[in-house]
Amino acid sequence: MGKKKKAYDHALEDLQIELVGLTRWLRSTGKRMVVIFEGRDAAGKGGTIKAITDKLDTRAARVVALGKPSQTEESQWYFQRYVPHLPAAGELVLFDRSWYNRAIIEPAMGFCTPEQYESFMKACPAFEKLLTDDGILLFKYWLTVDQGIQEERFAERAEDPLKRWKLSPVDLKGREKYGEMSDLRDTMVARTHSRHAPWFIADYNDQKVGRLNLIRHLLDQVPDVLCPQPEIDLPPLDAKPKRDKVKVKAEKVPKAY
């Protein structure tokens, strides 16, 4: 393992320990937290979310990544399908893309009308004000990546059978709309950046550095309240070691290795 990789792993582990503390703080206070990840295709949203949740209790943190809306959802109030996924007391919810699809992807791809887009842009700050007024901690991150580096990542994904699934038709079409999406992004930030729900821009040309910076920043947004790990006294083990052998009839997984 190279020195750079070791340094990254150690830094990430330290942050992950603090993230576990964050979830303890949320549970102890009953606070609710929403973190929104938006950004360029292949910027690194999924990897960052995975790094955040990797060591967390799945009952304390949830990831929301909604697909294409159904016909019924298309007929609803735009924000309606996102509301059921908001956190309960003590929960952390991470949105891998969010209601901001309507600010960039949908208008760029022709998935919404100009009227629907404008209605969203007017309603979004008020919607987020309702969330924060009710006590939800809301953080919004936009991950930036230069076009040349994005192209390199697209090429890597296209060649790797384990990553090819990440390239959706919308991602591929978006390559032709880099400039248009930049303009839509700037308009989105200008019109939806507020004191109660600010946008934070994270440089993701180097994904690992961007990941560490974003997680550090997120942790710095909450009070530094010490929620120590509880001490655990393990009860004595059954004196006689036993093989874990199932005594009733069931199918066995064959040995392949």
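**Exercise 1. In this predicted model, find which residues of α2 meet which residues of α9.**

Solution. Start on the α2 side. Gly 47, Thr 48, Ala 51 and Ile 52 take part. Now turn to α9. Its partners are Arg 211, Leu 214, Ile 215 and Leu 218. Next, sort the residues by class. The contact holds 5 nonpolar, 2 polar and 1 charged residues.

**Exercise 2. Describe how α2 and α9 are placed relative to each other.**

Solution. Two packed helices are described by the angle and the distance between their axes. First, locate the helices. α2 covers residues 45-53, and α9 covers residues 207-220. Second, take the distance: the axes come within 10 Å. Third, take the angle: the axes cross at roughly 55°. Roughly perpendicular begins at 65 degrees, and roughly parallel ends under 35. The two helices are therefore oblique to each other. α2 passes α9 in a right-handed crossing.

**Exercise 3. Work out which elements build the largest nonpolar core.**

Solution. Begin with the size: this core has 32 residues. Then pick out the residues with the most contacts inside it. They are Phe 95, Trp 99, Tyr 100, Phe 120 and Met 188. Now list the elements that give two or more residues. These are β1 (32-39), β3 (92-96), α4 (105-109), α5 (114-133), β4 (136-144) and α8 (178-192). The largest share, 6 residues, comes from α5. Finally, look elsewhere.

**Exercise 4. Name residues in contact with Phe 95, leaving aside neighbours within four places in sequence.**

Solution. Phe 95 touches Val 34, Val 35, Ile 36 and Phe 37, among others. Then move along the chain. Further contacts of Phe 95 include Ile 49, Val 64, Tyr 82, His 85 and Leu 86.

How values were computed: Residues are numbered from 1 along each chain as its sequence is written. This is a predicted model: local features need pLDDT of at least 70, side-chain atom pairs count only at pLDDT 80 or more; totals for chains, interfaces and linings use all residues. Side-chain values use heavy atoms; hydrogens and water are left out. Axes are lines fitted to C-alpha atoms, for helices over the stretch in contact, and angles run from 0 to 180 degrees between N-to-C directions. Helices (H or I, at least four residues) and strands (E, at least two) are DSSP runs, numbered from the N terminus. Angles under 35 degrees count as roughly parallel, over 145 as roughly antiparallel, 65 to 115 as roughly perpendicular and the rest as oblique. A crossing is left-handed if the near helix is turned anticlockwise from the far one by less than a right angle, and right-handed if clockwise. Contact means heavy atoms within 4.5 Å. Ala, Val, Leu, Ile, Met, Phe, Trp, Tyr, Cys and Pro count as nonpolar, Asp, Glu, Lys and Arg as charged, and the others, Gly among them, as polar. A nonpolar core is a set of buried Ala, Val, Leu, Ile, Met, Phe, Trp, Tyr and Cys residues joined through side-chain atoms within 4.5 Å. Buried means under 20% relative accessible area, exposed over 50%, partly exposed in between (1.4 Å probe, protein chains only).
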